Amino acid sequence: MPATGVRFPLGVVSVQKHRRTMISAELARAFERIADLLEIDGADRFRINSYRRASRTLDDTSEDLAELAAQGSLTSLPGIGKGTAQRIQQYIDTGHIDVLDELEARLPDGLPGLLQIPGLGPKKVALVYEKLNVTGIDALREVIDSGELAALPGFGAASVQKIADGIAFLESSSGRTPLGIALPIAEDIAERVGKLKGVKQVEIAGSLRRGAETIGDIDILCTASNGKRIIDQFSAFDGVKRILTQGATKGSVTVEIDRRSELQIDLRVVPRDSFGAALQYFTGSKEHNVRLREIAVRKKWRLNEYGLFDGDTCIAGRREEDIYKKLGLPCVPPELREDRGEFEPDARFDDLVTLKDIRGDLHMHTTASDGRCTIEEMALAAKARGYQYIAICDHSKSATIANGLSIARMEKHIAAVKAANDKIAGITILAGTEVDILPDGTLDYPEDLLAKCDWVVASIHLAMGKSASRKMSPTQRTLAAMENRYVSMIGHPTGRLINTREPMDLDMAAVVEAAARTKTMLEISAGWQRLDLKDTHIRQAIAAGVTVGINTDGHHTGSLDQTRFGVTTARRGGATKKDVINCCTLATLRKRIGRKQN
Ligand code: DGT
Ligand code: CA
Ligand code: CA
Ligand code: ZN
């Protein structure tokens, strides 16, 4: 990447950061949608791509767009031209983008909704609209059932099946918002609530505090002297789309996530003496609370959102930890409040992994394959975070859509990583690869090339779906890859994309058993779209003595911010820092790699 100043600065977390990230995230989604709609509309490639490029930039940037706009220098961002800069300006000024409004007004209402169906891209949406006049999911179902869709050129039985599966998947997952979208919104709102006059304490509760991978609604609690005034101000916040409840102690509003989905936010103003009890209650989960209440009842006490009561006397309520303490329990970390063993007498929570424990990232891409930053940029960003090591793991040769490296290019790339490692002090850059596990279970690079790498992650990207004609299942392929002594880790093991792509049909028990036997580690891909392994799988892996790794699979320096989602998920799986390879020192890491190889 050419040196045009800092393009993806890591960004010190400032007070304004969430708001800023929100504007660019909103714009990134709006541009992506414009591109999709233009594609349905049959616009020219060039125009569509300019929106897609701009969307990617906005997704990555931590620059203050409003400030850039004020200086008239939006076009200094890569991929932002005059046209897209104007749209950004308009959005900042008015909250609207004419082009988007116009497209949405002109195209039938249900059409954009079709884009959410996995397996149905804009080209296919344009086709079903044009040829079969399908403008919504119901109509689509009809042409699937009647066989008309399969008869359409470019579709066929397999792709129709995929679309039918996609509809079923969409229906089962709809309505829940991914953690990575909900959390910045909640942090922004909580911060604004915290600044209102009279507000003393504010906390995010609910599934978001527990770090669940998807969120039904956001729950926020605060204490304040005048509840009604706080709720009124909250209801009038910038960005509120609809008001559902506006009472004296509780308000419910929605904010728009994109043009079709809204996310509900509940704010409760609670008495100061009940804040801890309310936080405990509204953090949940419901299952955890039921168990906790049973424990209270056994002691002849009562537990509710106002406090823990012995008769009429409140014996705990102000602080959450007091509730647990009185009940004779350690304060269970929110991530573990799912009634999945946290009440067992031998449950331990002290050593759960934290973000501070992470010493490196063992799966990062660069411009050599499909990443957007150079080796140096990735290394410097990691160093700025205080990391001790990273592994550059670009794609292997069969990953053609990701610009995978041929054997010759990989040889050169290894040399380039080693050169960068020599050049940059204060961090070790390991020469790694993300080698594809091919449909026949073999690896995409020969052994002698893998032997030259410091670190090997093996992942499935090709032929993930079910197909009767396939000789090997994803499980068999994964097991085969683990038998290779150079494969230290399996990357994003199930391949799922939250709300977008179902996991592969992977026999996790078999994978975990083989991982333990072959000393292969399993990845927790930290990006909020993946979180793969997920919490329950992590628990399974750790119980079997398998070491996991929390990696971003980062494609730009900003990806490092996603590490926190991986840490939260690892905590939900009960991972301590001893279970996580990238909490170890470099020396231990090397030892662990060697232990499998020899
Ligand atoms: P979500 O919003 O579906 O992602 O999940 P939560 O856990 O945030 O659930 P939500 O927003 O309905 O309620 C927040 C918390 O309030 C929940 O985790 C536990 C508590 N809660 C709500 N309803 C009940 C209930 O009927 N019984 C008990 N024990 N707790 C409840
Ligand atoms: Ca909730
Ligand atoms: Ca709620
Ligand atoms: Zn990767």
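Predicted model: local features only at pLDDT ≥ 70, side-chain atom pairs only at ≥ 80, totals over all residues.
Aspartate 217 is in the loop between strand S3 (214-215) and strand S4 (218-224), while aspartate 266 is in strand S7 (residues 262-269), so the pair ties together parts that are 49 residues apart in sequence. Is aspartate 266 buried or exposed? Aspartate 266 is buried, at a relative accessible area of 4%.

**Entry: calcium ion (ligand 2)**

Next I checked the other ion. The calcium ion (ligand 2) takes Asp217 (O), Asp217 (OD) and Asp219 (OD) as donors, at 2.2 to 2.5 Å. Six donor atoms surround the calcium ion (ligand 2), and their angles span 70 to 165 degrees, which makes the arrangement irregular. For six octahedral donors the ideal angles would be 90 or 180 degrees. Which residue coordinates both ions? Aspartate 217 does, and the calcium ion (ligand 2) lies 3.7 Å from the calcium ion (ligand 3). I noted aspartate 219 as buried, with 10% relative accessibility.

**Entry: cis peptide bonds**

I moved on to the backbone. Most peptide bonds are trans. I logged a cis bond from glycine 284 to serine 285, with omega near -5 degrees. Serine 285 belongs to the loop between helix H14 (275-283) and helix H15 (286-298). I logged another cis bond between aspartate 532 and leucine 533, where omega is about 5 degrees. Leucine 533 is in the loop that runs between strand S16 (521-525) and helix H22 (535-543).

**Entry: positive phi**

Most residues other than glycine have a negative phi. I looked up asparagine 403 and found a positive phi, near 55 degrees. Asparagine 403 sits in the loop between strand S12 (389-395) and helix H18 (407-423). With 35% relative accessibility, asparagine 403 is partly exposed. Histidine 492 also went on my list, with a positive phi of about 20 degrees. I placed histidine 492 in the loop between strand S15 (489-490) and helix H21 (508-518). How accessible is histidine 492? Its relative accessible area is 1%, so I count histidine 492 as buried.

Technical notes:
Residues numbered from 1 in each chain as written. Chains lettered and ligands numbered in written order. Heavy atoms only, no water. Helix = DSSP H or I, 4+ residues; strand = E, 2+ residues; numbered from the N terminus. Buried < 20%, exposed > 50% of the residue type's maximum accessible area, 1.4 Å probe, protein only. Donors = N, O, S within 2.8 Å, 3.2 Å for Na, K, Ca; no water. Tetrahedral: all angles 85-135°; square planar, octahedral: opposite > 155°, others 65-115°.
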